[in-house]
Every structure is written in structure tokens, then in C-alpha cells.
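Subject: Structure handover and notes

Hello,

Please read them with the model open.

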Amino acid sequence: MRLHWQGPCLVVRTPAKLNLFLDVLGKRPDGYHELETLMVSIGLYDTLRFQSNESGRLELSLNSASPGITPFMRALLPLDERNLILKAAQMLRDHTGCTQGASIELSKSIPLQAGLGGGSSDAAATLVALNHFWKLGLPSRELHALAARLGSDVNFFIDSAPLALCHGRGEQITPEPLTQPLHFVVIKPPGGLSTREVFQALQPDRAPRGSAAIRQALHSGNLSLIGTQLHNSLEVPAGVLSEEVASALAALRRTSSVGRLMTGSGSSCFALCAHQRQAVQAAHQLRATCRGQVFVVQTAT
Ligand code: C5P
């Protein structure tokens, strides 16, 4: 994520993610699932603007000129205390005793219920930005502890790692080197999927596959090998809940690309492409034949 000042406003640009690999290792006594997942940050961003609020309140508004805002998103996006941004801000105040307020404007480009981590990324950006804005001085370790309480994917975005291997619920992060930029075309079908419902529909019947092979492929930089190792255990249950996932994957298979996968708990799916030109060509083809939003992106640095 990138932070910069615009006069008295602190502006943060925070990315989406894709899961290149996701294995569910088992169900835990607390109801969550133990995961092994490999995530990359991609160049699709939400922007948050933080301003002081003299009343001491925490206020969130949506920039109605947000480029990617659709009626579907608007209906799904609460702007009250149910929003992870306000939960993160309140958690930071409770943790530190800070009484300062903030007015936060969200410019939304990352689709919701999409498996792209938009809500988690916004929450991570809020923790990092308000720690700076309110001069709280919390070390990264404490921001991570708060992040883990907000959601399983929030930790990934705190340190802005381009690639990371994640364990536990997804909150235990080990950054990995990324040897080259990766190019993708992403399709977000019209409908979304609830992460909770996708995990509920999962049938835990397979032995885990392990991320060693795809990590080795990523380190070697061999794109065809990376393409053959893309894997997501949640693709089957998501496909049971939404025909749109199967259609999106079928449409991606018809493009010229290196490998295809659903990201996170869906509903977005992506193709790994050999280069940006191939991703742009695939996007043209998808826009002509499919409903939904199509993005050409590369890994964020
Ligand atoms: O942690 P987060 O709030 O993003 O998770 C949403 C829901 O997804 C959880 O309430 C849980 O039902 C499911 N989940 C899970 N195992 C994980 C992550 C999420 O079962 N590792």
C-alpha cells in the first residue's frame, strides 16, 4: 500500500490480492479452517482519504464517483459500524485509548464478495494509516495482532508483501520473493459469494497437496510450470453454489493463457498470462462474450 499527504489529508492506495494456491488442511475446533495459501498483491486498488474530525467521531463515506462502483456493490457496502474500516478504526482507538476522530472517504474499485480481499485490504489500510495519522506509534507486531482479530486476510495487506505464504486461518504471513512481474486477466461475475457459505459447502475429503511445487515454480520463473500448479480447494464448493464460477472458468479456458483459477472463496476467477499483451487480448475476448467486470492487472510492487 502507498501512503501520501495531500495537504491535511492522508491518502492511502491499497491493493487487491489473488490466491495462486489455496489448500484447506482441516476444520479447527473454533469453526475456522486451517489453510495453506499463497497470495499475490495485484494492481487493482481502493483509495482511502483520512481527514481529522474535530467532533471526535469516526465517519465513513463512499466517493460516489468511484470508478468501479456498481449498484450491486453499493447495496452490499454498509457505511456504518458493520464496515471493516470503521471496525478497524474503533479497534485502534480501544487498543490505544486514543480519542481522536477521523472522516474517511473510500473510493472503491475492488469488487465485493469477489475473493479479491478488498474489505480486508481497506481494513489493513485503515490500521496502518490511522497509526500514522494519529501518531500512535504502534509497532508492526501490534498492528498484526489487531489485523488478525478483524479477519483472516487482513494481515497479508499490512506489510505490502508482493507475494506471501499464509498459514493458520490465513493470518500467519511469510513473505516470499517474487522474481518477475506476473500478468493476469481477472473476471468478476455479476454475482458474489459469501466466504462463510463457501467454507460451509466444502467437503474435506482430499489429502492436502502442499505448496512446495508452485513455490518452486514461482522461484524458477517458469510460467508454464506455475500455470500447471495453480490450485484452489474452494473452487469445487464455490462452483456448487454459483454456476457463474464454472462459466467464468470455462470462458477463461477459451482464452490463450497459461493457467486458470478461482481466487479465494470466489466469485472472481483469473487467468495467468504470458505477458501483458496476452492479458489484454484475453480481456477483449471476455468482454465480448461474458457478463461481469474484467480487469487486466499485474502483480503490485
Ligand atoms: O476471517 P473472515 O471474517 O474473513 O472469515 C469469514 C468466514 O469464512 C468465517 O466466519 C468462517 O466461516 C470462514 N472461514 C473459515 N476458515 C478460514 C477463513 C474463513 O472457515 N480460514
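The chain is divided into domain 1 (2-175) and domain 2 (183-298), with bounds that come from an automatic or database domain assignment. The contact between them takes 30 residues from domain 1 and 36 residues from domain 2, where contact means heavy atoms within 4.5 Å. Taken over C-alpha atoms, the centres of domain 1 and domain 2 are separated by 23 Å. Between them the two domains bury about 2400 Å², 66% of it on carbon and sulfur atoms. Buried area here is the accessible area (1.4 Å probe) that two parts lose on being put together, summed over both. Of the area that domain 1 buries against domain 2, Leu20, Phe21 and Leu22 supply 22%, more than any other three residues.

Before the rest, a note on the source: this is a predicted model, in which local features need pLDDT of at least 70 and side-chain atom pairs count only at pLDDT 80 or more, while totals for chains, interfaces and linings use all residues. Residues are numbered from 1 along each chain as its sequence is written, and side-chain values use heavy atoms, with hydrogens and water left out.

The largest pocket

About 1400 Å³ of space lies in the largest pocket. The search ran on a 1 Å grid over the protein atoms alone; a pocket is an open set of points where a 1.4 Å probe fits, with protein on both sides within 12 Å along at least five of seven lines, and lining residues have an atom within 4 Å of a point. Grid points are joined across faces, edges and corners, and the volume is the space filled by probe spheres set on the points.

The lining has 49 residues, and Ser120, Ser194, Thr195, Arg196 and Ser265 lie nearest the centre of the pocket. By type, the lining divides into 20 nonpolar, 20 polar and nine charged residues. In that count Ala, Val, Leu, Ile, Met, Phe, Trp, Tyr, Cys and Pro are nonpolar, Asp, Glu, Lys and Arg are charged, and the others, Gly among them, are polar. Domain 1 and domain 2 each give at least three residues to the lining. At least two lining residues come from each of strand 2 (9-27), strand 3 (33-53), helix 2 (84-96), helix 3 and helix 6 (195-200). Strand 2 has the largest share, six residues. Helices (H or I, at least four residues) and strands (E, at least two) are DSSP runs, numbered from the N terminus.

Buried positions

Leu44 lies in strand 3. With a relative accessible area of 9%, Leu44 is buried; buried means under 20%, exposed over 50%, and partly exposed in between (1.4 Å probe, protein chains only). Leaving aside neighbours within four places in sequence, Leu44 is in contact with residues including Thr14, Pro15, Ile110, Leu116 and Phe295. Val297 is 253 residues from Leu44 along the chain, yet their C-alpha atoms are separated by 6.8 Å.

Ala248 lies in helix 10 (residues 243-253) and counts as buried, at 4% relative accessibility. Not counting residues up to four places away in sequence, Ala248 touches Ile187, Pro189 and Cys269. The C-alpha atoms of Ala248 and Gly292, 44 residues apart along the chain, are 9.2 Å from each other.

In helix 4 (residues 140-150), the buried residues are Leu143, His144, Leu146, Ala147, Ala148 and Leu150. They pack against helix 2, helix 3 and helix 5.

Loops and backbone

Gly7, in the loop between strand 1 (2-6) and strand 2, is exposed, with a relative accessible area of 63%. The C-alpha atoms of Gly7 and Gly239 are separated by 47 Å.

Two residues other than glycine have a positive phi. Gln113 has phi near 50°; Gln113 is in the loop between strand 5 (101-107) and helix 3 (118-133) and is partly exposed, at 35% relative accessibility. Ser160 has phi near 55°; Ser160 is in the loop between helix 5 (154-158) and strand 6 (163-167) and is partly exposed, at 29%.

The peptide bond from Gly266 to Ser267 is cis, with omega near 10°. Ser267 is in the loop between strand 10 (259-262) and strand 11 (269-273).

Regards
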